[in-house]
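The following report describes the architecture and selected local features of one protein chain. The sequence and structure are shown first.

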Amino acid sequence: MLRNTFLVGICAAFAFAVHAQSATSTESQSVKSKSRPTIGVVLAGGGAKGAAHIGVLKALEEMRIPVDIITGTSMGSYVGGLYATGQSADQIKGYLTTVDWNSGYRDQVNRSDRRLRDKEYEDRYQLNTDLGVGMGTIKTPKGVVQGQGMLRILRETSRNPPAMDSFDNMAIRYRAVATDIVELEEVVIDKGYLVDAMMASMSVPGALPPYEVNGRMLVDGGVVNNMPVDLAKDMGAEYVIAVDISSNYKTKEELRSFLDVGGQLSNYLVQRSTLEKAELLTEDDTYLKPEVGAIGTTDFSAMPEAYELGYEAAMANRGKLKRYSLSEEEYATYIKNKALKAELLIMGDEIPIDAIEVQNQSHYNSDILSHRLDLTVDEQQPTPEEIEEGITRLYALDRFEKITYRVEQREHENAIVVSVDEKDWGPNYLNFRFYLEDDFTTESKYGLGASINFTDLSRQGAELRTNLELGTDKLISADLYAPFFANQLLFNTLTVKYTDEGRNVALASISGDIDDLSQTKNYVPVSYKQFVADMGIGLQPALWNEVKVGIRYTLGEAELSTLPTLGDSNFERKALYARYLHDTLDSLSFPTRGSLVYLEYISSFDSVENQGATTEENERVDEYKMDLVGAATFFEKHTLVATAELGLFDANNSGAVPIDPYDLGGFQNLSGIPRNSLIGQNKVFTKLVYRYQWFENDFGMFQSPVYLGGSIEYGGVWTGDDNDISNAPLFVAGSVFAGIDSPVGPVILGYGHTEDGMGSVYLIIGTAFK
């Protein structure tokens with residue numbers, strides 16, 4: 001590696017010498033003929049509207065107008081920074097369609113790439129507020145998102161060059177403008193890492209947290225200097241081409257909410273800054289204002305339109321701009337010199353790497369971080385794509401505010417330095433859950449819960465989750481997770497919980513199996529109260545699968561709350577279990593791809609005491625459970641989800657009462673009958689769901705796609721020692737529905753119908769869990 005570094009240094013020195021000789025020759029030729037003026041381009045901020053800057057630069061290239069200085073704020077600093085590296089307008093235009101810009105305002109790693117433990121947790125506590133909890137305090141993040149996604153976009157599109165002593169050394173002299181949120185003053189970034197300069201200038205307060213550069217907390221520069229004309233002139237620009245992409249002010253009728261009012265004020269402050277700098281322009285300068293004011297700041301789908309409007313605005317001012325044009329020969333010389341300077345600009349993916357270092361600014365063991373990154377230079381250095389994948393694997397733990405990397409060139413080695421910053425509002429986090437299901441016939445099911453996750457328990461990543469839920473079903477629980485080693489491959493868990501769950505059990509099922517679903521019209525509320533203690537040891541070879549074995553103790557009672565004369569049951573279970581879980585679904589409620597496999601075997605000794613009846617003590621019971629789910633999407637908007645569930649109960653005494661019986665009923669669980677109205681020792685169930693994505697509804701920071709669909713369902717539950725499915729009472733049902741995958745969880749309005757003529761309308765908000 002050192003030899004490679006030495007060779008790169010020799011090549012760079014040689015290229016510099018060649019360039020210096022060429023530049024000197026070109027300069028002398030210019031003096032002999034006639035020195036041309038220095039032209040500066042100023043690019044204002046404006047979010048997605050900034051694509052107009054690319055159109056303007058494309059027009060300048062076609063008009064053979066050189067750019068010697070480029071300054072920018074916010075999105076203008078991004079476009080200007082890329083152009084200053086030597087990329088052409090066409091290259092930058094390509095990012096409009098190849099980059100998922102909305103991902104820049106979404107930090108959450110896809111569910112399919114998360115740990116199983118976190119998937120199960122966030123599926124239940126879907127109101128992911130991520131509030132920090134301290135001793136009597138509630139802490140919040142400094143931004144709605146932390147910029148992890150945006151940093152990746154900046155690194156990938158700029159090729160992540162190493163630190164520069166001065167941005168004057170770029171192919172085009174460059175400056176970015178930001179605001180020091182502490183000192184409340186303008187900051188001009190003229191050196192360092194290009195990605196840092198662009199990120200600081202683009203960090204919109206509220207949406208993104210302040211970005212630290214050289215100890216200063218920096219945010220978007222739009223308020224202090226949204227169109228830095230003065231900066232370009234101070235750098236020596238004799239002629240300035242300024243591009244203003246301000247938003248239109250809202251009318252009285254358009255101010256419909258507090259968000260509109262706040263946006264109007266923010267727009268005023270930015271425009272005031274822009275107009276102040278526009279007054280510095282002289283007759284020798286050119287002011288361009290593409291008609292992009294109606295495009296939303298975060299409407300990234302409109303970026304191709306903004307590009308065209310920028311190009312058209314420049315072409316409409318062709319008469320003014322032509323005065324800056326060069327002859328074909330002069331422009332060819334300019335392009336040649338710019339290309340030579342671009343060649344001298346070393347990019348991050350061109351540097352041979354000798355070491356990978358982790359700057360661990362968290363309570364986690366550094367070995368955990370290195371294991372998740374899984375990056376080495378032993379055989380060959382990782383590609384930028386592999387580095388980004390490693391960072392995503394580590395960020396998937398969801399315990400870090402920001403993970404970024406830079407390339408450092410040192411005297412004797414080059415290193416990739418990965419910086420890991422823990423969430424500064426942690427290490428304890430508060431999240432919530434809300435659930436409602438109503439079939440407008442039986443009692444509504446609802447739940448409201450809160451959970452605190454304590455994460456700073458050990459350097460190996462031990463965590464304790466405490467949960468409280470109220471509603472028709474109640475829960476109090478504590479769950480301890482403790483890995484044995486830094487790689488978190490082997491772990492142990494300890495769970496203690498108390499539950500009180502209600503079920504509407506059909507009267508007919510109390511005395512035997514149901515052979516007609518119309519019998520579910522007559523039901524009785526049953527309350528299952530349980531205390532459960534569980535201790536297990538697990539092996540997790542990958543984030544999406546695990547094997548676990550353990551012991552479980554259950555003590556509880558079942559109460560027929562409205563018919564006490566029929567008697568209550570008290571039960572006790574001492575069990576050993578083994579389970580396997582594989583889960584790569586991208587969503588639990590509306591999956592579009594992935595699969596789930598859940599296999600569990602339970603061997604237990606059960607004791608059941610029925611009031612006024614005999615007592616079964618230490619009955620040996622074996623249970624077998626299997627859940628399979630597969631999702632696939634075709635033609636982009638059409639999705640099929642197939643589900644199969646099997647549960648079998650095997651006891652020496654065929655009359656043994658199941659302690660945790662299987663149930664069916666409710667939306668897409670034999671749609672058309674009340675939720676959990678069928679119970680039994682054994683279960684077989686399958687369904688096929690079709691969904692069509694009607695609207696995408698991508699709002700940048702979150703998505704809320706709207707679906708239309710239907711399902712066909714087949715299955716049943718039964719009691720007895722006959723596990724032959726061919727003799728089981730199985731039923732057919734189906735549903736149609738409209739649903740929204742909203743930030744508060746699924747919102748579904750549906751109708752279900754059974755083969756026996758039973759029908760129900762369902763309204764569901766949130767995710768149901770047994």
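## Annotated site and its surroundings

Aspartate 220 touches Thr73, Ser74, Thr179, Ala200, Ser201, Met202, Ser203, Val204 and Pro205, leaving aside residues up to four places away in sequence; contact means heavy atoms within 4.5 Å. The model is predicted, so local features need pLDDT of at least 70 and side-chain atom pairs count only at pLDDT 80 or more, whereas totals for chains, interfaces and linings use all residues. Residues are numbered from 1 along each chain as its sequence is written, and side-chain values use heavy atoms, with hydrogens and water left out.

Aspartate 220 belongs to strand β8 (residues 216-220). Helices (H or I, at least four residues) and strands (E, at least two) are DSSP runs numbered from the N terminus. Serine 74 is placed in the loop between β2 (69-73) and α3 (75-84).

An unreviewed UniProt entry lists Ser74 and Asp220 under "active site". They span 147 residues in sequence, yet no two of their C-alpha atoms are more than 5.9 Å apart, so they gather at one spot. UniProt positions follow the numbering used here, feature names are shortened, and annotations may be inferred rather than shown by experiment.

Buried means under 20% relative accessible area, exposed over 50%, and partly exposed in between (1.4 Å probe, protein chains only).

| Residue | Relative accessibility | Class |
|---|---|---|
| Serine 74 | 8% | buried |
| Aspartate 220 | 12% | buried |
| Glutamate 411 | 73% | exposed |

## Helices

Two packed helices are described by the angle between their axes and the distance between the axes. The axes of α3 and helix α7 (residues 194-202) come within 7 Å and cross at roughly 160°. Axes are lines fitted to C-alpha atoms, for helices over the stretch in contact, and angles run from 0 to 180 degrees between N-to-C directions. The two helices, α3 and α7, are therefore roughly antiparallel to each other; by convention, angles under 35 degrees count as roughly parallel, over 145 as roughly antiparallel, 65 to 115 as roughly perpendicular and the rest as oblique. On the α3 side the contact is made by Met75, Ser77, Tyr78 and Gly81, and on the α7 side by Leu194, Met198, Ser201 and Met202. These residues divide into five nonpolar, three polar and no charged, where Ala, Val, Leu, Ile, Met, Phe, Trp, Tyr, Cys and Pro count as nonpolar, Asp, Glu, Lys and Arg as charged, and the others, Gly among them, as polar.

Helix α5 (residues 116-124) is largely enclosed by the rest of the structure, because eight of its nine residues are buried. The buried residues of α5 are Leu116, Arg117, Asp118, Lys119, Tyr121, Glu122, Asp123 and Arg124.

## A three-stranded open sheet

Three strands form an open sheet with mixed pairing, in the order β11-β13-β12; two strands pair if DSSP finds at least two bridges between them. β11 (355-361) and β12 (400-409) stand at the edges, each with a single partner strand, so one side of each is left without a neighbour in the sheet. On average, neighbouring strands of this sheet are turned by 20° against each other, direction ignored.

Seven bridges pair β11 with strand β13 (residues 414-422) in the parallel sense. Within that pairing, alanine 415 of β13 is the bridge partner of alanine 355. Helix α15 (residues 384-395) packs on the sheet and touches β12 and β13, its direction making about 150° with that of β12.

The loop between β12 and β13 holds glutamate 411. The C-alpha atoms of glutamate 411 and methionine 626, 215 residues apart along the chain, are separated by 59 Å.

## Strand β31 and its partners

Strand β14 (residues 428-438) pairs with β31 in the antiparallel sense over three bridges, and glutamate 437 stands opposite isoleucine 764. Strand β30 (residues 745-754) also runs antiparallel to β31, joined by seven bridges, with valine 747 opposite isoleucine 765. β30 and β31 form a hairpin with four residues between them, and glycine 757 in the turn has a positive phi of about 90°.

## The chain as a whole

The chain contains 16 helices and 31 strands. Its C-alpha trace spans about 115 × 60 × 50 Å along the principal axes. Of the 770 residues in the chain, 53% are buried.
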